[in-house]
Amino acid sequence: MIEIQVVSGDISAVKDSKLRVITDKSIYKPGEVARLMIQVPFTGSHLLITEEKWGILKKEYTYLSWNTLTRDIKIDDSLLPNAYIGVVALASSDANISESSRTYAVGYTEIISDISSKKSIVNIIPEKEVYRNREHVRANLELTDVSGNSLVGEITVMVVDESLIRLLG
């Protein structure tokens, strides 16, 4: 099986010294696959490709004999809500670069995920509608997903008097 990816423009040579990491979509849902196109400004390079969040999650070393590479990355929970793909390219000794050109290039892109399916809703149901000053409030709290299904979790409640908010502006 041969897979061909059609892109607009000429990808046979990058015209400037920038390394580009291009995604096929702007937002991904959990479980989808992000297709990346990596364009390096020279041919013949060693690449370090990283998936990053609060540090490096995964890394891959590869040799690129041409100047364009595609990679598929599955969007799993480790990449939510957003993550970054970093690429460092070091020109090999046989790379097609001029004396005045750089021998390295760096590029990043952000993988943005739609996490609306992961959100939860807190419903607060007080025992009565109006309370007097210094009266104790009793309420039931319900935690559900966006479809209305009950969830088990922890909820933190903070109560502030509205008059205090008005004083502080």
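This report describes the sheet, the nonpolar core, the surface patch and the salt bridges of one predicted model.

Residues are numbered from 1 along each chain as its sequence is written, and side-chain values use heavy atoms, with hydrogens and water left out. Because the model is predicted, local features need pLDDT of at least 70 and side-chain atom pairs count only at pLDDT 80 or more, while totals for chains, interfaces and linings use all residues.

**Sheet**

Four strands, in the order S4-S3-S6-S7, form an open sheet with antiparallel pairing. Strands are DSSP runs of E with at least two residues, numbered from the N terminus, and two of them pair if DSSP finds at least two bridges between them. Strand S4 (56–64) and S7 stand at the edges with a single partner strand each, so one side of each is left without a neighbour in the sheet. On average, neighbouring strands of this sheet are turned by 15° against each other, direction ignored; the axes behind this angle are lines fitted to C-alpha atoms.

Strand S3 (residues 45–52) pairs with S4 in the antiparallel sense over 8 bridges, and a hairpin of 3 residues joins S3 to S4. Across this pairing, Leu48 stands opposite Tyr61 in S4, and Thr50 stands opposite Lys59 in S4.

**Nonpolar core and surface patch**

The largest nonpolar core has 23 residues, and those with the most contacts inside it are Leu19, Ile38, Val40 and Leu47. Such a core is a set of buried Ala, Val, Leu, Ile, Met, Phe, Trp, Tyr and Cys residues joined through side-chain atoms within 4.5 Å. Buried means under 20% relative accessible area, exposed means over 50%, and partly exposed lies in between (1.4 Å probe, protein chains only). Strand S2 (33–39), S3, strand S5 (68–74), S6 and S7 each supply at least two residues of this core; S6 gives the most, with 5 residues.

On the surface, Tyr84, Val88, Leu90, Tyr104, Val106 and Tyr108 form a nonpolar patch with about 570 Å² of accessible area together. Patch members have over 30% relative accessible area and no salt bridge, and nonpolar side chains (Val, Leu, Ile, Met, Phe, Trp, Tyr) are joined within 5 Å. Strand S6 (82–91) and strand S7 (104–112) each supply at least two residues of the patch. Tyr84 is found in strand S6 and is partly exposed, with a relative accessible area of 38%.

**Salt bridges**

Side chains of opposite charge can pair when their charged atoms come close. A salt bridge here is a side-chain nitrogen of Lys or Arg within 4 Å of a carboxyl oxygen of Asp or Glu.

Asp72 is partly exposed at 44% relative accessibility. Arg71 lies in strand S5 and Glu60 in strand S4, so this pair ties together parts that are 11 residues apart in sequence. Arg71 is partly exposed at 23% relative accessibility, and Glu60 is partly exposed with a relative accessible area of 28%.

Asp77 is exposed, with a relative accessible area of 52%, whereas Lys118 is partly exposed, with 46%. Lys128, Arg132 and Glu135 are linked in a network of salt bridges.

Note on methods
Patch = residues over 30% accessible without salt bridge, like charges linked within 9 Å, V, L, I, M, F, W, Y side chains within 5 Å. Areas by Shrake-Rupley, 256 points an atom, 1.4 Å probe, with all protein chains shown as cover. Axes fitted to C-alpha atoms, helices over the stretch in contact; angles between N-to-C directions.
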